[in-house]
Amino acid sequence: MATRVQRALRPAPPRDALSDADIARLAQHRDPRAATLVWDRYAGVVRGVVYRTLGPCHELEDLVHDVFVGFFKNVGTLRDASSLRPFLVGIALRTVRTTLRKRRVRHWLRLSDDGNLPEVPTVDSDPRTREAIRRLHAILDELDHRGRFAFVLRHCEGYELAETAAALRVSLSTVKRTLAQADAHVFSRARKDDLLSGWIGEGDHE
Amino acid sequence: MSDARRNAVDPCERIGSLLVGATPSASLQQHLEGRARLIAAIDGLRKKSRTRFALLALAFVGAIGAAALALAVRSYPRAPIAWRVESGDVGTQGYGGVSAAGVSARLVFDDGSDVTLAPGSRGRVAGTTPVGAEVVLEQGRARVRVKHRDRTQWMLDAGPFALRVKGTEFSVAWKAESETFDVWMHTGQVVVTGPLLGDALALSAEQHVRVRLHDGIVQIDRASEPSSAVVLETPDAEVSPSTPPAVRLEGPARLAPSSAFGVAPALPWSKLVAAGDFARVVRQAEADPGRAISSRPLPDLRALGDAARYEGNAALADRAYLAVRERFPSSSEARAAAFLLGRVAEEQRHAGVDAIRWYDVYMQEAAKGPFAGDALGRKMSLVAASQGREAARPLAAAYLRGYPSGPYATVARDFAP
């Protein structure tokens, strides 16, 4: 009962009334509130997608910023305002793809040190987990962009197959094929890795 | 890494969990800096956009447009609001620090507004425009009185919080050491944005909000502002040994969590889900599921449904989505919940009939909704699996009419060539 009283007396913050569509429309109308609203709601999502598709990097915050700036530049083209989240994730994937291309060019031109991923802190302080993450991203680096994105969207972001297909702008059958190849490659490489094999529980992949 | 992640069945899911678990979340500082950087960038975009539009307009309408522009410019207030220090010591560039033992510093603006910095406070005028000003309270307390005019745009920043003001009178305090933020409303309305407050929090006359970032607590009540004798906490270096204990905030800070005006739990589930912490949301909900289902706000309920779905907890996902539909029947989330109930039924309970029923509900309620194509596509696949390709043919044809390049188009063409 006390809780109900408290809630009745507490004014509901307007955010509860703002759906993704509301926020997208504010952005389309260049409302000054839009930047705060969309950042607070989706910075974590975008950061997660960028981090997991690109791997540890020192430019993470810059890339997240670029995604949101890209959103505000292109929000006029968003036809279904309620699709704010997939629209942002799509921009994030394009941003990551561009970064991966630049990274390859830099490596090809030998502007990077040795092509190895930099040592960037992760949530885990356990050195074995950090090393596992480093090796895992090295395996993901062997995939093409589409396979890499499909793998992350499906297994990290929890996307359904149809959602993954829509995000990658390919058909469902294509995404199934891509994902099957990516899964097989990652599993095969991880199984042979002494550290990662312990993680995946070797032998139970069908 | 949690055992739950290690125990995921599919090896690829385990690998995904490894990546998710290793993703560092942004600190509060990073989040705020990122937001400030974005706002600055958007302002820059807006200015560029305005410039481009103005050039096009000028080229298009020529001299008539130029004349209209001149008229518009003439009718617009030209000079930024001027301000002066009526009492106290505020230095150049608008920066002011008021010693704990000194008198208040009062800044008076030409538009009739004024800001009074209490002893022990630091603040500055970040800038003024023809229609308002931005004042930054870096530490301490300020009393703000903004005169309402057409197009007033006043902003007050206190720590990571920002207050948008049209015309009102209020007091605001920010203690950097304890990361505590207070607003006492006297008249009018302000809109506060900042950590733990969601997108924005509107406050009206006589309300008080306290945010304690360390504890993650937001408290809204009608506590009155401490008297001027109860001054704000100041940095230790500035407090003389004889400073009385009254330097500590009293009154509202002493409200017990069970106070009639309540304490709102922080860390909304929608944010936890956005950060990928599904297990934590499910754990918190399962501590008292009845209360969670009956009292959580809409974004949290939707987040709970998603978190439970991702965690494979079909029963809890069903409860959350059903509660969304029951408690917020006119919301877009209620319609989306119908589709998601279908997904749970299909994927986790393997109940095809239930899934088709929910997909039908969704298509009926949101024929042009974001999941309409998926609902039709899923229904088509389920009907084909349970009743055969012939039964799925009309659905496939309908899908191809509505979504000729949708994700199920290839399958649909197979059923209805």
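Residues are numbered from 1 along each chain as its sequence is written, and chains are lettered from A and ligands numbered from 1 in the order in which they are written. For the complex, the predictor gives an ipTM of 0.78 and a pTM of 0.41.

**Make-up of the chains**

- Chain A has ten helices and zero strands, where helices (H or I, at least four residues) and strands (E, at least two) are DSSP runs numbered from the N terminus.
- In chain B there are 13 helices and 15 strands.
- Of the 206 residues in chain A, 39% are buried, a residue being buried if 20 or more other C-beta atoms, placed from the backbone, lie within 10 Å of its own.
- In chain B, 44% of the 417 residues count as buried.
- Among contacts in chain A with a separation of 6 or more, 59% are between residues 24 or more positions apart, and two residues are in contact if their C-beta atoms, placed from the backbone, lie within 7 Å.
- For chain B, 42% of the contacts between residues at least 6 apart in sequence join residues at least 24 apart.

**A helix pair in chain B**

- Helix α9 (residues 332-348) of chain B packs against helix α11 (residues 372-387) of chain B at an angle of about 30°, and their axes are 11 Å apart.
- The helices α9(B) and α11(B) are therefore roughly parallel to each other, a term for angles under 35 degrees.
- Where they meet, F339(B), G342(B) and E346(B) belong to α9(B), whereas D374(B), A375(B), R378(B) and L382(B) belong to α11(B).

**Confidence in chain B**

- The average pLDDT of chain B is 76, and 77% of the residues score at least 70; pLDDT is the predictor's confidence in each residue, from 0 to 100.
- Where pLDDT is low, the predicted coordinates should not be read in detail.

Note on methods: Predicted model: local features only at pLDDT ≥ 70, side-chain atom pairs only at ≥ 80, totals over all residues. Buried ≥ 20, exposed ≤ 12 C-beta atoms within 10 Å, placed from the backbone. Axes fitted to C-alpha atoms, helices over the stretch in contact; angles between N-to-C directions. Parallel < 35°, antiparallel > 145°, perpendicular 65-115°, else oblique.
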